[in-house]
Amino acid sequence: MNTPITLSSLLFVPGSKPERYGKALASNADAVCIDLEDSVPAPAKGDARAAAIAAIAGGDSRLILRINGMTARAGLEDLLALADAPVLPSLILVPMVESPVEIGIIASVLGDRTPGIVPLIETVKGLRAAPEIAATPGVVAMMFGGGDFAAELGVALAWEPLRSARGAFVMACAGAAIPAIDVPFIAMDDMAGLSHEAAAAHALGFSGKAAIHPAQVDVINATFRPTAEQIAEAEEAQRVFDAAGGAAVRFNGRMLEVPIMRRYQRILAMRSKQDA
């Protein structure tokens, strides 16, 4: 089984704007993703690629990379450049994934240097193959690409039109025991709307949400990171469960058993990451 990651917030920054990398890293985002795909026009992709690789070589472990898709020439150029790069990011996001074969291409080129792979599921075809993609060796999380998905369906990039697609996506991730990351909220000045959508995504089973502006990060973290009260409850639940020798036991008026403990253990894992 793949080793999943813990990622509450992921902030995208255009690869063609290296002057913004530092500002993005000054946020509280768990990871800053330099984007070589949608935010970079074709003539600028070469320079953006070089800037991204140089920044990643600078050593900040929070810098990760979204390359272009494996069915595009730019994606293959990204992959070959990474094969020669002195330092690779810990994670690579791959857009428009529709088959596990695309993940295999990355692994075959990068070999034992292959970072954790985060496929973006952005099409109906990709969603149908999502369970197999999620279970592919090397995949450590998946992201729901709502913009392209909405365009394919001919609907608005909004919660209700994509509710069923999000549900199917979350189930595919859960089946492979990897985190599900939600699409960014594109109304940058609507913090109330962001908070509402983040809460809905969290309730549906998403583990984190992407952002397109540093101002969105704290709202996302407040939703997806466990509170002090939740951490304290999880610690006490673990103590009670351990004392019972792993058997079902009463805790706070409810039955505490293995399936319930999995949720508490996820909270404790996120606490450990926040403390690191």
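Modeller: Let us begin with Arg163, which is partly exposed at a relative accessible area of 39%, a label that lies between buried (under 20%) and exposed (over 50%), with a 1.4 Å probe and protein chains only. This is a predicted model, in which local features need pLDDT of at least 70 and side-chain atom pairs count only at pLDDT 80 or more, whereas totals for chains, interfaces and linings use all residues. Residues are numbered from 1 along each chain as its sequence is written, and side-chain values use heavy atoms, with hydrogens and water left out.

Biologist: What makes Arg163 and Glu160 a salt bridge?

Modeller: The term requires a side-chain nitrogen of Lys or Arg within 4 Å of a carboxyl oxygen of Asp or Glu. The closest N and O atoms of Arg163 and Glu160 are 2.6 Å apart, so the pair qualifies. Glu160 counts as exposed, given its relative accessibility of 52%. The structure holds twelve salt bridges, and a network of them links Arg49, Arg73, Glu77 and Asp78.

Biologist: Why is Arg166 called buried?

Modeller: Its relative accessibility is 1%, and Arg166 therefore counts as buried. Arg166 forms a salt bridge with Asp182, with the closest N and O atoms 2.9 Å apart. Because Arg166 lies in helix 8 and Asp182 in strand 7 (residues 180-182), this pair ties together parts that are 16 residues apart in sequence; helices (H or I, at least four residues) and strands (E, at least two) are DSSP runs, numbered from the N terminus. Asp182 is also buried, at 0% relative accessibility.

Biologist: Which residues of helix 2 are buried, and what puts them on the same side?

Modeller: They are Lys45, Ala48, Arg49, Ala52, Ile53 and Ile56. These residues cover an arc of only 130° around the axis, which puts them on the same side of helix 2, the arc being that of the directions from the helix axis to the C-beta atoms.
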